[in-house]
Amino acid sequence: MLLDSAFAAPNNAGMGAFAGIEAFVRVVEAGSFTAAAERLQTAKSSVSEAVRALEERLGARLLDRSTRKVQPTEVGQVFYARCRRLLEDEAAARLEAQALQEAPAGRLRVAAPEGFAARHLVPGLAGFLSAHPAIEIELAEAAGPVRLVEDGFDLAIRVAEAPAAGLIVRRLATSRVVVVATPGYLAQHGIPAVPADVARHRCIGFAPLAWRDCWRLGGEMVAIRPVLLTDNTESLRAAALAGIGLAALPDWAVVDALAAGTLQRVLADAASPESGIFAVYPTNRLMAPKVRAFVDHVAAGLRARGLSH
């Protein structure tokens, strides 16, 4: 009750109550206002006024003052014990906060596009978590952008031409749309030599893209009639690997298949849409070490997989 009164009394100027409590504790421990002022590196009058204001808020005398000695009253002794624990808790909380700023730690909530996390985040998590054992990760995959602040995410990975305004952004890599097919499909149906040839091929369309049935290649818009239309990146990739036809996918979704030779890129010289792969953070949060460490890890992983900046 005494602590409640100290913090909730009228005309309490917020931190003033805490300053009064600290001044009172130091006076009890030092045995005088002068010694307490030296410990707090402030004027004796400031310490005296802080304690006096605290006593007025409480409506209780906390100290017996004499010319030779200052000691707590019976009420003051009870109040001192509680205040001492309060200051110890504050010091521990401050040290913990400083430690979190110095070493990556805590729960990290990350949002990423569906399909991207499985290919470019999860494979490297074992090494990351081994290097940072104090971090726990919560990973959410979504087809569209999540609300960072409202949904409580520390960061999101986004693939877009430009991220939304009002966010802190770090560009990690570039995502390019590539047209691919299996070597078997190309052996049977031929390799398109120019963008216009695509219209004569069996094609797989990706519903979320504006060019689901009209591909922008080499400065041309090529109309296609998809034999299969899907709204999922992994299904689009699977359909291409199954040899159904040509597919236009972001290179991050097929970089491994291209390296392995299970898919082959066509029309590589024809310009196609590009996007950035960005790490975005809420503007109202400081860059915590856990976020910085994870973003650096993701950037290095993308470079290692051949996705350029």
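Trainee: Which residue just after H12 takes a positive phi?
Mentor: Keep in mind that this model is predicted. Helix H12 covers residues 289–304. Just after H12, a positive phi of about 90 degrees belongs to Gly-306.

Trainee: How far does H12 reach from its first C-alpha to its last?
Mentor: Happy to walk through that one! H12 has 16 residues, and at 1.5 Å a residue the expected reach is 22 Å. The model comes close to this, with a reach of 23 Å.

Trainee: Which residues make up the covered face of strand E8?
Mentor: In a regular strand, side chains alternate between the two faces of the sheet. In E8, residues 214–217, Cys-214 and Arg-216 are on the uncovered face. The covered face holds Trp-215 and Leu-217.

Trainee: Which residue in E9 stands opposite Cys-214?
Mentor: Strand E9 spans residues 220–223 and pairs with E8 in the antiparallel sense, over four bridges. The two strands form a hairpin with two residues between them, and Gly-218 in the turn has a positive phi of about 55 degrees. Opposite Cys-214 stands Ala-223.

Trainee: Why does Glu-114 have no salt bridge?
Mentor: Good one to look up in the structure! Glu-114 lies in the loop between strand E3 and helix H6, and it is buried. A salt bridge needs a side-chain nitrogen of Lys or Arg within 4 Å of a carboxyl oxygen, so the distance to the nearest side chain of opposite charge rules one out. That side chain is Arg-119, at 8.8 Å.

Trainee: Which side chain makes a polar contact with the side chain of Glu-114?
Mentor: Glu-114 is buried without a salt bridge. Its side chain does make a polar contact, at 3.1 Å, and the partner is the side chain of Thr-233.

Definitions and conventions: Residues are numbered from 1 along each chain as its sequence is written. This is a predicted model: local features need pLDDT of at least 70, side-chain atom pairs count only at pLDDT 80 or more; totals for chains, interfaces and linings use all residues. Side-chain values use heavy atoms; hydrogens and water are left out. Buried means under 20% relative accessible area, exposed over 50%, partly exposed in between (1.4 Å probe, protein chains only). Two strands pair if DSSP finds at least two bridges between them. The expected span of a helix is 1.5 Å times one less than its number of residues. Lys and Arg count as positive and Asp and Glu as negative; His and the chain ends are not counted. A polar contact is a pair of N or O atoms within 3.5 Å; within protein, one must be able to donate a hydrogen and the other to accept it, and residues adjacent in sequence count only if both atoms are side-chain atoms.
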